[in-house]
Amino acid sequence: MRSAGIDIGSRSIELVILEDGKVVETRQADTGFDPMAVAFDLIRGLTFDRIVATGYGRNLFEIACDGETVTEIKAHARGAQALFPGVRTILDIGGQDSKVIRTNGAGKVVKFEMNDRCAAGTGKFLEIMSRSLGFDIEHFGDQALSADGELSINSMCTVFAESEVTSLLARGQDRRHIARGLHRSVVTRALSMIRRVSDEGPIVFSGGVAHNRCMVRFLEAVSGREVLLPEQPQMTGALGAAFIATETVR
């Protein structure tokens, strides 16, 4: 059986194809202004028996294709379980939201907490801050890690934090020190969510922000827990949706 999972996020869309439980193809593209057109482009030319959608655009997909959907929470929980059997804690930081999920160790969600009302603590926050500091987002974490000092950022509101960064730059502060402080603030916010949901065991870090080495390093340091990093962390939701497509009965 060939099954597909598609994660239609606010910043990017990921597609995973499974054949007999093995990943045979992955695709990714920026969401852009027309997510359904991008989703159809990703699917074009592929064959599969069943597809399940997740992410912010899953309801659009359901309407356009009469397709099946699953919540991001369930998709990431299942994807993390496939990658790291027995894992109980997942931190997912995407473009527009962040979430912490606790499972029973077999992929079933027991508890979760989600921040989707504010850009603070998300990939969008880091993207805006990197632009304010004149850094490329792909190397923002490396710049923060290269700093020999750190400045505290008091505000986590994106608008106020950007104003604070501008003020610090105007006072001649090292922008790498500011970058390090910004990363620290995002991890601190994530850790407060983690502690409310799960207080033991390793943490699977999924979502595009998991590519940021500074975020991974700080998460390990402040949590005191092992951080498990998927080879393609941004694919975790699509992978989970593909497994759900394989396992559930219509």
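User: Which residues line the second largest pocket, and what makes a residue count as lining?
Analyst: The lining is made of V16, V23, T26, L83, P230, E231, Q232, M235, T236 and L239. A lining residue has an atom within 4 Å of a pocket point, and a pocket is an open set of points on a 1 Å grid over the protein atoms alone, where a 1.4 Å probe fits, with protein on both sides within 12 Å along at least five of seven lines. Two or more of the lining residues come from each of β3 and α9 (236-247); helices (H or I, at least four residues) and strands (E, at least two) are DSSP runs numbered from the N terminus. The model is predicted, so local features need pLDDT of at least 70 and side-chain atom pairs pLDDT 80 or more, while totals for chains, interfaces and linings use all residues. Residues are numbered from 1 along each chain as its sequence is written, and side-chain values use heavy atoms, without hydrogens and water.

User: What is the volume of the second largest pocket, and how do its lining residues divide by class?
Analyst: The volume is about 180 Å³, meaning the space filled by probe spheres set on the grid points, which are joined across faces, edges and corners. Its lining has six nonpolar, three polar and one charged residues. Ala, Val, Leu, Ile, Met, Phe, Trp, Tyr, Cys and Pro count as nonpolar, Asp, Glu, Lys and Arg as charged, and the others, Gly among them, as polar.

User: How much space lies in the largest pocket, and which element gives the most to its lining?
Analyst: About 900 Å³ lies in the largest pocket. It is lined by 37 residues, with R11, S12, G95, G208 and V209 closest to its centre. Elements giving two or more residues include β2 (12-19), α3 (72-83) and β6 (89-93), and α4 gives the most, with four residues. Its lining divides into seven nonpolar, 17 polar and 13 charged residues.

User: Why are α6 and α7 called roughly antiparallel?
Analyst: Helix α6 (residues 158-170) and helix α7 (residues 175-197) pack at about 155°, with axes 10 Å apart. An angle runs from 0 to 180 degrees between N-to-C directions, and axes are lines fitted to C-alpha atoms, for helices over the stretch in contact. Angles under 35 degrees are roughly parallel, over 145 roughly antiparallel, 65 to 115 roughly perpendicular, and the rest oblique. The pair is therefore roughly antiparallel. V165, L168 and L169 in α6 meet R175, I178 and L182 in α7, where contact means heavy atoms within 4.5 Å. That contact has five nonpolar, no polar and one charged residues.

User: What makes α7 oblique to α8?
Analyst: α7 and helix α8 (residues 213-223) pack at about 50°, with axes 9 Å apart. That angle belongs to the rest, so α7 is oblique to α8. Among the residues of α7 that meet α8 are R180, V187 and I194, and the whole contact divides into nine nonpolar, two polar and three charged residues.

User: Why are α4 and α6 described as roughly parallel?
Analyst: Their axes cross at roughly 20° and come within 10 Å. The conclusion is therefore roughly parallel. In this contact, F125, I128, M129, S132 and L133 of α4 join T158, A161, E162, V165 and L169 of α6. By class there are seven nonpolar, two polar and one charged residues.
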